[in-house]
Amino acid sequence: MRHKLFVANRGEIALRIIRSAQELGLETVLGVSSADVDSVGAQRADRVVVLGPAPARDSYLDAALVVHAARETGCTALHPGYGFLSERAELAELCRREGLIFVGPGPESIRAVGDKLSARALARQAGVPLTSGSEKVGDVAQALTIAQDIGYPVITKASAGGGGRGMVVAYGPDDLKTSFDQASTTAREAFGDGTLYLERYVEVARHVEVQVVGDGEGRIVHFGERDCSVQRRYQKMIEEAPAAILPPEVRSRLQEAAISLLSSINYRNAGTVEFLYDVERQDFFFMEVNARIQVEHPVSEEITGVDLVAAQLRLATGTGSLPDQAQVQTHGHAIEVRIIAEDPENDFAPSPGRITRWEPPVGKGIRIDSAAQAGTLVSPYYDSMIAKLIVHADNREAAVALLADALDAFVIEGIATNIPLLREIVAHEDYRANAINTRWLETTFLPNRQTAR
C-alpha cells in the first residue's frame, strides 16, 4: 500500500518529518495555520491545507479538525511531531476511529504514561527506582503533612503534564504554603487539571533520559541516553548524548529500567523515559515518560546513525521492524543547543519579528534543524524556538570545541536570539568540565553573569 502522510505540526519538526517521509517515498500533506502558509515546510510539502487562523486553539490544537483534514486529503497516516496534540490520547483515538495510522503510541499507552501518577505506579510495578513521593494532594494542609513525612526540600509536580508548569521547590512549610495554590492554578491553566503531587527534591541532580522505540508487542530497543541538565525554569537549553557523567554500571541499569518500564505496557513507536540522576549517591530515579519524538532526538541520531523519524514511519506503516539491540552502536559525542527568539538581556522576553540575515554555520560534524531563513517572520503565536544547532565529534571535549566555533559563526539579524548567551555558557569552565547540575544555570551561571555586569 502506498501511504500518504499528514504532518500535524509546524516549524522545524514539521520540515524534519517531511524530509524523512519524502526520502522513504511517502507523499506528504502539511496542515498549517493561516500564519504558516508561506513557511519553509509549506514550500517543501507535496500539498498544504489550511487548518484555521493563527491561534493554535483554532488550528493546531483542534484534534477533530486535524483528523478531518487528514481524511479529506486522502492521507493514510498522521505524524503529530512534538508539542501541540502529540501526547493527547484523543488524537490517537480519533485516528484509530477514522482508519488513520497514528505515528506514535496507542491511546492506551499515552494515557498510562501521560498522567504522572499513573506512570509512577507503572514504574513501581516494573521495579524502576522512584524518589520518595505522594499520591495526589488535595490541598495545602494535606501537602504540609505529606512534606513533613517526605522531608524537605520537596517539589510540587503536576500530574497531567510537565515542562516545568506546576513545579515549585519548597524548602520549608512557609514556602509550601505560599506556592501550593499558585502551582495548582498554573497546572490547571496549562493542562486543564490542577492535580499536584509531591516528591523529595534532589539538590545536586542531572536530568538524564533514555531514547527508546517499541514494536507494540513488548520488545523495546534503546538508542542510548541523553543528558539535558542545562535548564532554565525546567526548560532544556542544551542536550548531549551520551550522558558522559554516568558510570558504565549506572548507564546499563538506566537503560534496562527504561526498557523494563515500557515493555510492561507493550509500548509502540518512539518514546523517552526521563530520570533524575543523584550525583552524590550515583543513583537514578524515574521522573516521567514522553510518549512522542522529542526536541532533542537529533543527538541520539548523531551518535547511533539512525534516523529516528524514519524508524517511526517504517514501524507505523509496517514497512520496517526494530533492529536487534546489538545492532545499535554508539559513536562519539553529540551536543544540541536550542536557538530561541528571545532576549536574555531583557529578562528573556520573546523577540518576534522578521529575520533579515540568516547565516548558519557549515562544516563537518555540524547540523542545523530549522525552518527559518532570511525573510522568515517569527510569529508571536507559537513557541519561540527557531533552530537547533547540533554538533558531533569523537569525544565531548572535541564536540564542545566544535560547538563553540559553530556558535561564533552563526549570524542571525532582525530579531534578538539567545546565541550570545549560549556562547558564554559553552565557554564557561563549569560547562567545559561537565561540572553542572539542573540548577547550575539559574543558581550559579546567571547570577554571576549579572554580578559581573
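**Rings, domains and a buried glutamate**

Y381 is partly exposed, at a relative accessible area of 49%, whereas Y382 is buried, at 10%. Here buried means under 20% relative accessible area, exposed over 50% and partly exposed in between, with a 1.4 Å probe and protein chains only. The model is predicted, so local features need pLDDT of at least 70 and side-chain atom pairs count only at pLDDT 80 or more, while totals for chains, interfaces and linings use all residues. Residues are numbered from 1 along each chain as its sequence is written, and side-chain values use heavy atoms, with hydrogens and water left out.

On to the rings. Two rings of Phe, Tyr or Trp (its six-membered ring) pair if their centres lie within 6.5 Å; planes under 30 degrees apart count as stacked, over 60 as edge-to-face and the rest as tilted. That rule gives nine aromatic pairs. One of them joins Y381 and Y382 in a tilted arrangement, with 6.2 Å from centre to centre and 50° between the planes. Another tilted pair brings together W440 and F445, whose centres are 5.4 Å apart and whose planes make an angle of 40°. W440 is buried at 3% relative accessibility, and F445 is buried too, at 5%. Y381 and Y382 also belong to a cluster, linked by ring pairs, that takes in Y60 and F84.

Charges turn up over rings as well, the test being that NZ of Lys or CZ of Arg is within 6 Å of the ring centre and within 35 degrees of the ring normal. R232 puts its charged end over the ring of F348, 3.6 Å from the centre. R200 lies over the face of F285, at 5.7 Å from the ring centre.

As for the overall layout, the protein chain is assigned domain 1 (4-103), domain 2 (140-194) and domain 3 (205-452), with bounds that come from an automatic or database domain assignment. Between the C-alpha centres of domain 1 and domain 2 there are 35 Å.

Helix 4 spans residues 89-97, and A89, L91, A92, L94 and C95 in it are buried. Helices (H or I, at least four residues) and strands (E, at least two) are DSSP runs, numbered from the N terminus. Contact, here and below, means heavy atoms within 4.5 Å. The buried residues of helix 4 pack against helix 3 (63-72), strand 4 (77-79), strand 5 (101-102) and helix 5 (107-114). Just past the end of helix 4, G99 adopts a positive phi of about 75°.

What about the cysteines? With a disulfide taken as a pair of cysteine sulfur atoms within 2.5 Å, the count is zero. C75 is in no disulfide, the nearest cysteine sulfur being that of C95, 10 Å away.

Finally, E225 sits in strand 10 (residues 220-232) and is buried, with a relative accessible area of 2%. Its side chain makes a polar contact of 2.8 Å with the side chain of R251, and another of 3.0 Å with that of Q255. A polar contact is a pair of N or O atoms within 3.5 Å; within protein, one must be able to donate a hydrogen and the other to accept it, and residues adjacent in sequence count only if both atoms are side-chain atoms. Neighbours within four places in sequence aside, the residues in contact with E225 include E209, V210, E240, P242 and L254.
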